[in-house]
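Take a first walk through this model with the sequence at hand. Please keep the 3D view open while reading.

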Amino acid sequence: IARNLMETIPVVGHHLASFALGPDGVTDYTLVKLYAWHVLFIPGLMVVLMAWHFWRIRSDGGISVPL
């Protein structure tokens, strides 16, 4: 399902599906890539985005507004 959804994206769909899930068809390589995405890349991206978010809050003076 994920491959078919990615391949429906115009222009870059096939390349995106091949990058994210590996070659055509479900193989052992596909499972390894999915495992790597779920264990390494997605949590790593979340850590980077959270660090940027906290840095922005800190550099803007916090979330409280003086009364």
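The model is predicted. Begin with helix 2, residues 13–21, and helix 3, residues 28–59. The two pack at an angle of about 85°. Their axes are 8 Å apart. The range 65 to 115 degrees counts as roughly perpendicular, so helix 2 is roughly perpendicular to helix 3.

Which residues meet where helix 2 touches helix 3? From helix 2 come Ser 18, Phe 19, Ala 20 and Leu 21. From helix 3 come Thr 30, Lys 33, Leu 34 and Trp 37. The residues of this contact divide into five nonpolar, two polar and one charged.

Stay with Thr 30 for a moment. This residue lies in helix 3. Is Thr 30 buried or exposed? Its relative accessible area is 6%. Buried means under 20%, so Thr 30 is buried. Leaving aside neighbours within four places in sequence, Thr 30 is in contact with Leu 21, Pro 23 and Gly 25.

Now look at helix 2 on its own. Gly 13, Ala 17, Ala 20 and Leu 21 are buried there. Seen down the axis of helix 2, these buried residues fall within an arc of 75°, so they line one face of the helix. They pack against helix 1, residues 2–7, and against helix 3. The face turned away from the buried side carries the exposed residues His 15 and Phe 19. Just after helix 2 comes Gly 22, with a positive phi of about 95°.

Next, the aromatic rings. A pair of aromatic rings is described by the distance of the centres and the angle of the planes. A search of the whole structure finds two aromatic pairs. One of them joins Phe 19 and Trp 37. Their rings are 5.8 Å apart, centre to centre, with 80° between the planes. This pair is edge-to-face. Phe 19 lies in helix 2 and Trp 37 in helix 3, so the pair ties together parts that are 18 residues apart in sequence.

How exposed are the two partners? Phe 19 has 53% relative accessibility, so it counts as exposed. Trp 37 has 25%, so Trp 37 counts as partly exposed. Phe 19 and Trp 37 also belong to one aromatic cluster with Phe 41.

Most residues other than glycine have a negative phi. Val 11 has a phi near 70°, a positive value in a residue other than glycine. Its relative accessible area is 79%. Exposed means over 50%, so Val 11 is exposed.

End in helix 1, at Arg 3. Its relative accessible area is 15%, so Arg 3 is buried. Which residues does Arg 3 contact, leaving aside its neighbours within four places in sequence? In helix 2, the list includes Ala 17, Ser 18 and Leu 21. Gly 22, Pro 23, Asp 24 and Gly 25 are also in contact with Arg 3.

Definitions and conventions
Residues are numbered from 1 along each chain as its sequence is written. This is a predicted model: local features need pLDDT of at least 70, side-chain atom pairs count only at pLDDT 80 or more; totals for chains, interfaces and linings use all residues. Side-chain values use heavy atoms; hydrogens and water are left out. Axes are lines fitted to C-alpha atoms, for helices over the stretch in contact, and angles run from 0 to 180 degrees between N-to-C directions. Helices (H or I, at least four residues) and strands (E, at least two) are DSSP runs, numbered from the N terminus. Angles under 35 degrees count as roughly parallel, over 145 as roughly antiparallel, 65 to 115 as roughly perpendicular and the rest as oblique. Contact means heavy atoms within 4.5 Å. Ala, Val, Leu, Ile, Met, Phe, Trp, Tyr, Cys and Pro count as nonpolar, Asp, Glu, Lys and Arg as charged, and the others, Gly among them, as polar. Buried means under 20% relative accessible area, exposed over 50%, partly exposed in between (1.4 Å probe, protein chains only). The arc is that of the directions from the helix axis to the C-beta atoms. Rings of Phe, Tyr and Trp (its six-membered ring) pair if their centres lie within 6.5 Å; planes under 30 degrees apart count as stacked, over 60 as edge-to-face and the rest as tilted.
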